[in-house]
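Here is a briefing for a first look at a structure. Take in the sequence and the model, then read the points by topic.

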Amino acid sequence: ELVERNVPMQVSETYPVSGELWNLDRIDHPEVSRDGSFTTPGEGEGVHIYIIDTGINLQHEEFAGRLGNGVDLVGDGRGDGGNDCDGHGTHCAGT
């Protein structure tokens with residue numbers, strides 16, 4: 001019951017949203033009314049995102065050439081330069 005059957009999928013610029021994903025609808029419809037969908041306005045070029053977490057895997061191929069300077073505010077020596085010391089920050093950054 002925890003496994004979903006494979007179904008055909010396709011890439012779209014507009015995605016239906018409902019239930020717990022209502023916040024995505026709010027992103028592309030800041031006014032009070034919503035239309036039950038999320039439409040991506042672009043591909044993220046020029047956007048700066050700040051991840052406050054366990055860092056980001058600086059060698060990860062998905063982030064090659066797209067990372068700025070990081071900082072380790074914990075000071076435990078495990079996340080020097082913002083490098084991920086746990087894996088959670090890389091997961092969140094990928095999301």
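**Overall fold**

The protein chain has two helices and two strands; these are DSSP runs numbered from the N terminus, with helices H or I of at least four residues and strands E of at least two. Starting at the N terminus, their order is β-α-β-α. This is a predicted model: local features need pLDDT of at least 70, side-chain atom pairs count only at pLDDT 80 or more, and totals for chains, interfaces and linings use all residues. Residues are numbered from 1 along each chain as its sequence is written, and side-chain values use heavy atoms, leaving out hydrogens and water.

**Extent and burial**

- Along the principal axes, the C-alpha atoms fill a box of roughly 45 × 40 × 25 Å.
- Of the 95 residues, 14% count as buried. Buried means under 20% relative accessible area, exposed over 50%, and partly exposed in between (1.4 Å probe, protein chains only).

**Cysteines**

- The count of disulfides is zero; a disulfide is a pair of cysteine sulfur atoms within 2.5 Å.
- The closest cysteine sulfur to that of Cys-85 is in Cys-92, 13 Å away, so it is too far for a bond.
- Cys-85 is partly exposed, at 26% relative accessible area.
- Cys-92 is also partly exposed, at 28%.

**A residue in a loop**

- Ile-51 sits in the loop between strand 2 (37-39) and helix 2 (88-94).
- Ile-51 is partly exposed, with a relative accessible area of 33%.
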